[in-house]
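Please find below some numbered remarks on the structure you asked me to look over.

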Number of protein chains: 2
Amino acid sequence: MKTQHAALLTDLYQLTMLQAYHREGMSGTATFELFVRKIPPNRNFLIAAGLEQLVEFLEDFEFSDEECEWLGTLDYFTPEFIDHLSKLRFTGDVYAIPEGTVFFQNEPIVRVTAPIAEAQIIETRLINIVQLQTMIASKAARSALAAPGKLLVDFGLRRAHGAEAGLMAARAAYLAGFDGTSNVLAGKLFDIPVYGTMAHSYIMAHDDEVEAFERFAESLPGNVLLLIDTYDTLEAARKVVALAPRLAERNIPIKGVRLDSGDMAELAKGVRSILDEGGLTECSIFASGDLDEHELLRMLEAGAPIDGFGVGTRLTTSQDMPYLNCAYKLQEYAGRPRRKRSKGKENWPGRKQVYRRYDDEGHMLHDVMAEESESQIEGEPLLRQVMAKGKRVGAQETLAVMRERLRGQLQQLPPALKAIEDGAAYTVLISDGLQRLVERMDSAGL
Amino acid sequence: MKTQHAALLTDLYQLTMLQAYHREGMSGTATFELFVRKIPPNRNFLIAAGLEQLVEFLEDFEFSDEECEWLGTLDYFTPEFIDHLSKLRFTGDVYAIPEGTVFFQNEPIVRVTAPIAEAQIIETRLINIVQLQTMIASKAARSALAAPGKLLVDFGLRRAHGAEAGLMAARAAYLAGFDGTSNVLAGKLFDIPVYGTMAHSYIMAHDDEVEAFERFAESLPGNVLLLIDTYDTLEAARKVVALAPRLAERNIPIKGVRLDSGDMAELAKGVRSILDEGGLTECSIFASGDLDEHELLRMLEAGAPIDGFGVGTRLTTSQDMPYLNCAYKLQEYAGRPRRKRSKGKENWPGRKQVYRRYDDEGHMLHDVMAEESESQIEGEPLLRQVMAKGKRVGAQETLAVMRERLRGQLQQLPPALKAIEDGAAYTVLISDGLQRLVERMDSAGL
């Protein structure tokens, strides 16, 4: 994936700033933090994800000869600066909230401390990597909360925004509690279970629907899942019942049927009756098509006997909120905290840690955002060191570990925050030390 | 970009269907068409884009040995089928609406005719490639219509959905009339002009705002664009005026300033006055931050003296409509038209062409969708052959040609369709032949 992690995949201003820093001899240590300014509407919490891909990016960070040569063709950069750039590597320290952890507004999820050029040049791709999976995991967890115990499969590759979006969405959804994906390459790369049935085109290419069902069953006798909405869903369910004995003679069980259009809550009831009356009580019903957490909740509350869902486009595009209001901001340079005061975009300055406190029942009570240097702050610190001097600290976490972490976190979530339709807010307190720091900086006009 | 065009970047069901076709000996010729079912809200037309990347994908289509080996580890596929898969290439014909062409609901934008396995296996990535750029180009053209004559730059890489999304969004926006991008790699790959200034962090890393301005100007004397909203925008504009003579002595002109927060329409007026009174009448004002076509229109209608805009997140995520309701459907197999009748998802069957008609003033009048085989349909045919037997037909088009095509198309657009805030619909007629075909199929229950 050379192009994906190309150092040149960045904004031009990162390079013009680096040239200025280089010319000025500014090489002091900077701390930047990535945070989300606001929890978006229709979300009660967010889930950190994408850290693994970030660490890989930082470990490999390097401008190739070809990239440097091309930069030389622009009017912007001196040969001396390009030579400097060719030697640039990421040698900083990184702290982060582990993947699969719930977090809230303004909390730093990634904190980078490095010579300013290194901490700056990685900004664009760092946001690009972490935002995507964090957004998708946060969306996917809502489907998992809406449909506990149901099989959930990511179907969204085709309408994801490109290849990487499809791959990372599959990973983030699995991290957030999905059972698998239709995305084969994601299965291979991340060891995620892959699922699939057939498309309408398969049915349509045959002259007869039953013939299509039977041929498919013969080709994949261990995984017979039949798509039954191409022409008439209930009629097709009856055809499935009629076909079943013929397949049973050859020891081919029909494992399930898939609905993909119409009023699926109603259709599922009709299909369930037909299957049950036909003796196919073990045959499951799977639904797909324009689904999201709201639709899952609606169908299940309507008593739809659906066993699993393929959630596609609205998941992988995070349709109701296709970006997070996130920023990667300079918090400290050369030992001094820094604060931006652009209207509506003020930041909490300094190098920070987040502490989480729990009530007696083990539910999250509130978080406290504090200066890293403050001592005696009660609570569980959320940011952990993941890189030291440009190298990964500790072993790579598996997706299984992250999934398990999130499962635990969702149990600790205040019940009101688990609601799909009603928003609830969580308190993030600002420590006394951090408040005093801001007051000091504001009164000094810094 | 090996992973990006991996054949395994597909849905599992494509492979299970292929195995069934293989087992059944179904190798007849199929025609599939990609179309958008509905023009989304807030769009009056769509723009075809992404065809070049599709042709590259199809020309290179191949399962690698490693991919085949991994497929063998799943429970789904026989060794014999995997061997068959390893030899599969795309050998079909492709017709498409050229990039930069305006199109409407239900019109086929890509038409693939190939042995059914080949036409089927490419579905997922074909949609994935074409949807993204078509969606972004269609969104970007609206900014170009809202702000004619203004400099428009794509700033959206950081919050695009991954690497490929950022690259393709830069390409699609440029195709649709943007002047450039901040995305350096997109500049290199697609020969798009790159733009950039500085970030707030650069200002904040200096102890003094003026010092930051001056050092930056010295480092990039030919392109001095200063970000002036880090602390107080109007105050910073006055600092720019005070700094200008000092830089002028060294022959360094201040080309522009950038606003990134606050009420930018109002601030721009204040900044313009300060700059003009300070003699900096040539210094341009550039605005960025949460912009889209609505905001551009609002600011320009309010008389904001802004010369250029950086449009970011809302463009590259197509925030108000992050997917198109598009489908790639089987229209014909083994010489017979096919029709899906799933509720709300019926298709116009058969192998089709689209004809465009114009009024006396050269404006688009309406389109006609017809069977390809129908003769004597008046109008300009929109679909052109782009691949024959798996190979590209003719030379690769340049982005410059596509941009020029779109410019012409936007001039031919009915004026009502150019409106940003008010929707207007365009008529797509169905030819008599196509209507008769549907009636025949429906009455025969096909």
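**Notes on the model**

1. A:Thr16 lies in helix H1 of chain A, which covers residues 12–24. Please bear in mind that this is a predicted model. Is A:Thr16 buried or exposed? A residue is called buried if 20 or more other C-beta atoms lie within 10 Å of its own. A:Thr16 has 22 C-beta neighbours inside 10 Å and therefore counts as buried.

2. The surroundings of A:Thr16. Which residues does A:Thr16 contact, leaving aside its neighbours within four places in sequence? They are A:Tyr76 from chain A, together with B:Gly196, B:Met198 and B:Leu220 from chain B. By contrast, A:Lys352 stands 336 residues away from A:Thr16 along the chain, and the C-alpha atoms of the two are separated by 28 Å.

3. The contact between the chains. In this model, 83 residues of chain B are in contact with 83 residues of chain A. Several elements of chain B each supply at least two residues of the side that touches chain A, among them H1, helix H6 (123–146), helix H10 (209–219) and strand S12 (326–333). The largest share of that side, nine residues, comes from H1(B). Sorted by class, the side of chain B that touches chain A has 37 nonpolar, 29 polar and 17 charged residues.

4. The relation between the copies. Two copies of a chain are related by a rotation about an axis and a shift along it. The same surface serves both copies, since 100% of the contact residues of chain B recur in chain A.

5. A helix pair across the chains. How are two packed helices described? The angle between their axes and the distance between the axes are used. Helix H10 (residues 209–219) of chain A and helix H1 (residues 12–24) of chain B pack at an angle of about 100 degrees, and their axes are 9 Å apart. An angle of 65 to 115 degrees counts as roughly perpendicular, and H10(A) and H1(B) are therefore roughly perpendicular to each other. From H10(A), the residues A:Arg215, A:Phe216 and A:Ser219 meet B:Gln19, B:Ala20, B:Arg23 and B:Glu24 of H1(B). This contact has two nonpolar, two polar and three charged residues.

6. A helix pair within chain A. Helix H6 (residues 123–146) and helix H13 (residues 293–301), both of chain A, have axes 8 Å apart and pack at an angle of about 5 degrees. H6(A) and H13(A) are therefore roughly parallel to each other. A:Arg142, A:Ser143 and A:Ala146 of H6(A) make the contact with A:Glu293, A:Leu296 and A:Leu297 of H13(A). The classes present are three nonpolar, one polar and two charged residues.

7. The domains of chain A. The domain assignment gives domain 1 (12–136 + 324–443) and domain 2 (148–316). Their C-alpha centres lie 39 Å apart. Domain 1 of chain A brings 13 residues to the contact, and domain 2 of chain A brings 16 residues. On the side of domain 1 that touches domain 2, H6 and helix H15 (399–412) of chain A each supply at least two residues. H15(A) gives the most to that side, with four residues. The residues of this side of domain 1 divide into eight nonpolar, three polar and two charged.

Technical notes. Residues are numbered from 1 along each chain as its sequence is written. Chains are lettered from A and ligands numbered from 1 in the order in which they are written. This is a predicted model: local features need pLDDT of at least 70, side-chain atom pairs count only at pLDDT 80 or more; totals for chains, interfaces and linings use all residues. Axes are lines fitted to C-alpha atoms, for helices over the stretch in contact, and angles run from 0 to 180 degrees between N-to-C directions. Angles under 35 degrees count as roughly parallel, over 145 as roughly antiparallel, 65 to 115 as roughly perpendicular and the rest as oblique. Two residues are in contact if their C-beta atoms, placed from the backbone, lie within 7 Å. Ala, Val, Leu, Ile, Met, Phe, Trp, Tyr, Cys and Pro count as nonpolar, Asp, Glu, Lys and Arg as charged, and the others, Gly among them, as polar. Domain bounds come from an automatic or database domain assignment. A residue is buried if 20 or more other C-beta atoms lie within 10 Å of its own, exposed if 12 or fewer, and partly exposed in between; C-beta atoms are placed from the backbone.
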